[in-house]
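Here is a short tour of some helix packing and aromatic contacts. Have the viewer open and follow along.

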Amino acid sequence: MATPIKRDVKYLNRDFSDIREKLIEFSQTYFPDTYNDFSPTSPGMMFMEQASYVGDVMSFYLDNQLQETFTQFARQTNNLYELAYMFGYKPKATGAAQTTISLYQQVPAKNLGGGNFVPDFDYAVTIGENTTISSQLNSDINFLIEDKCDFSVSSSLDPTEIEIYQVAGSDPVYYLLTKTRNAISSTINTTTFSFTTPEQFQTIDITANNIIGILDITDSDGNIWYEVDYLGQEMVYDSIKNTNPNDPNNVANKGDTPFLLQLKKIQRRFATRLTSETNLKIQFGAGNPNDTDELITPNPNNVGIGLPFEKDKLTTAYSPTNFLFTDTYGIAPSDTTLTIRYLTGGGVESNVPSGDLTTLDTTNTTFNIINLDENIANYIFGTIASLNKEAASGGKGGDTDEEIRQNTIIQTTTQQRTVTLDDYLVRSLSMPSKFGIVSKAYIEKPKLNNQTSTLETLCLYVLSQNNNGQFLTANDTLKKNLRTYLSQYKMIGDSIEIKDTYIINISVDFEIVVLPNFINSQIILSCIESLQNYFNRDKWQINQPLIISDLNILLDKVEGVQTVKNILISNKAGTSSGYSQYAYDISGATQNGVIYPSLDTSIFEVKYPNTDIKGKVVPL
């Protein structure tokens, strides 16, 4: 527990002794002949000391009230919560552990004839979203798989691993299908609230331990209520499954953009805030659902000089979030019952070891096709299993008072803004992967005749990745999703062009001299491993040059290497060989031992590090 902060704020800088001395000085100055007995036992001193005590207490509370308005000095937890939300930071009541879950099922083999067997995906199952997996060591600890798992679908973003599980002679009988999903330690809780007549900004409270947040809210008519950061926010992100068969960049072909991102204007919305570690307050809007004006389109008849105030509106500062000055802030629930599902869990105890999450709830698991062989289907259903190969991590208690204080101070300088170029990079890389993977991003102002433009147009270069981690040119759907995502954050005067990054595939050939008493093959393998680690895609950025001296130093550090004789970087191009279609003049781009990227934004990549990095031992 953090050490409480002492009372540092002193508005009046007065205590009992100070006030007592001031009262004595006042009496001696203005009543010198009326009263002059200031001994501790005199009746006059009793009244002065009583007044000093009252003044000291009032001074204390005044100082305390003022102190509680400063984030760095506040000590009362409820005040820290309020100050945190004022600056845009949302305190956490718990920390949820996360891990990767491997999901398994068997499917029978299907004979296509001629000894050709394939998995029979008619028996593939779909594990529904929000499926629960319980811990073996502690049945009270549950993990939640947010995304559904369809074993019949395999894509670069969501691959299905297939291996033979059971054979009869030389023919496969059953195949084992494996998929992975991310899971967090949480339990779904459900509660309901009934509403009659609409009330402005009505609030409800959920009281529980270890509250993570709201999963969803639906009313008795089936309408969905959306969570927003503040009630004045009427635009939210919505996702639509990418199922357009005419789109060549569709999920059915590449799978790198399974969802389309769009902005949606909503009136059923709510905001949440924690008021303590165990209480979550939910607030709704002020509008009447029978008389809402959120869908009014601004036009001269209801904005500006067309309003009854006429010329007074000429200097009005309009807000882009509430252009018409509507006072609804979303509608208030009325004559309905809201079903609220919220998540609880987390904590240090949720950091379970590997191999512990094996109790899978199959209540929400179904076959994709009906009318299957009942005996085989029953067997297949019994093969569904789960396992966490890695230990869960990240579980911890909620924010302490000091953590709330420090995170709030940080929040004032790390708001969700896009002002600088780095802000755009961070926001681009923060887009959820289901809308497309942005693995690398680079932004700059456009160049005209090799001079940086002064226009407010920004060029954002992006790259995607396939399931093997290899760089891919971002498809049009991904770029459209990114454009939609950034539209809610960019500055009003900025115009963003999302462009492709050129991929330059290279190979590395090196020659080394090995010290005596070292095995040549082992030293070569060690050098290749060092180079593979150096060219790891996670470590490379767009427009990063390749410095040959760094490679020399890297190989020199490998134990057993006496000297590096030569390092040759070559370009690998040609789609027929699996490389990028763009050729690059490596020798022309090399100056003083540095290979520079092209003027057109590009990135170097060793696409096949197991075969494109070669070395040999030569004599001294």
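With a relative accessibility of 21%, Phe367 counts as partly exposed, since buried would require a value under 20%. Please keep in mind that everything here comes from a predicted model.

Phe381 is likewise partly exposed, at a relative accessible area of 27%. These two residues form a tilted aromatic pair, with 6.1 Å from centre to centre and 50° between the planes. Phe367 belongs to strand S20 (residues 365–367) and Phe381 to helix H4 (residues 374–382), so the pair links distant parts of the chain, 14 residues apart.

Trp225 sits in strand S13 (residues 224–227) and Phe284 in strand S17 (residues 279–284), so the contact ties together parts 59 residues apart in sequence. Trp225 is buried, at 5% relative accessibility, and Phe284 is buried too, at 0%. Both residues also belong to one aromatic cluster together with Phe195 and Phe270.

Here are the two pairs side by side.

| Pair | Centre to centre | Angle between planes | Geometry |
|---|---|---|---|
| Phe367 and Phe381 | 6.1 Å | 50° | tilted |

Now for the helices. How do the axes of H3 and H5 cross? Helix H3 (residues 77–86) and helix H5 (residues 401–411) have axes that come within 10 Å and cross at roughly 20°. That makes H3 roughly parallel to H5, because angles under 35 degrees fall in that class. The crossing of H3 and H5 is left-handed.

Which residues make this contact? From H3 come Thr77, Leu80, Tyr81, Leu83 and Ala84, and they meet Asp401, Ile404, Arg405 and Thr408 of H5.

Is Gln406 buried or partly exposed? Its relative accessibility is 38%, so Gln406 counts as partly exposed. The C-alpha atom of Gln406 is separated by 7.9 Å from that of Gln72, although the two residues are 334 residues apart along the chain.

How values were computed
Residues are numbered from 1 along each chain as its sequence is written. This is a predicted model: local features need pLDDT of at least 70, side-chain atom pairs count only at pLDDT 80 or more; totals for chains, interfaces and linings use all residues. Side-chain values use heavy atoms; hydrogens and water are left out. Axes are lines fitted to C-alpha atoms, for helices over the stretch in contact, and angles run from 0 to 180 degrees between N-to-C directions. Helices (H or I, at least four residues) and strands (E, at least two) are DSSP runs, numbered from the N terminus. Angles under 35 degrees count as roughly parallel, over 145 as roughly antiparallel, 65 to 115 as roughly perpendicular and the rest as oblique. A crossing is left-handed if the near helix is turned anticlockwise from the far one by less than a right angle, and right-handed if clockwise. Contact means heavy atoms within 4.5 Å. Buried means under 20% relative accessible area, exposed over 50%, partly exposed in between (1.4 Å probe, protein chains only). Rings of Phe, Tyr and Trp (its six-membered ring) pair if their centres lie within 6.5 Å; planes under 30 degrees apart count as stacked, over 60 as edge-to-face and the rest as tilted.
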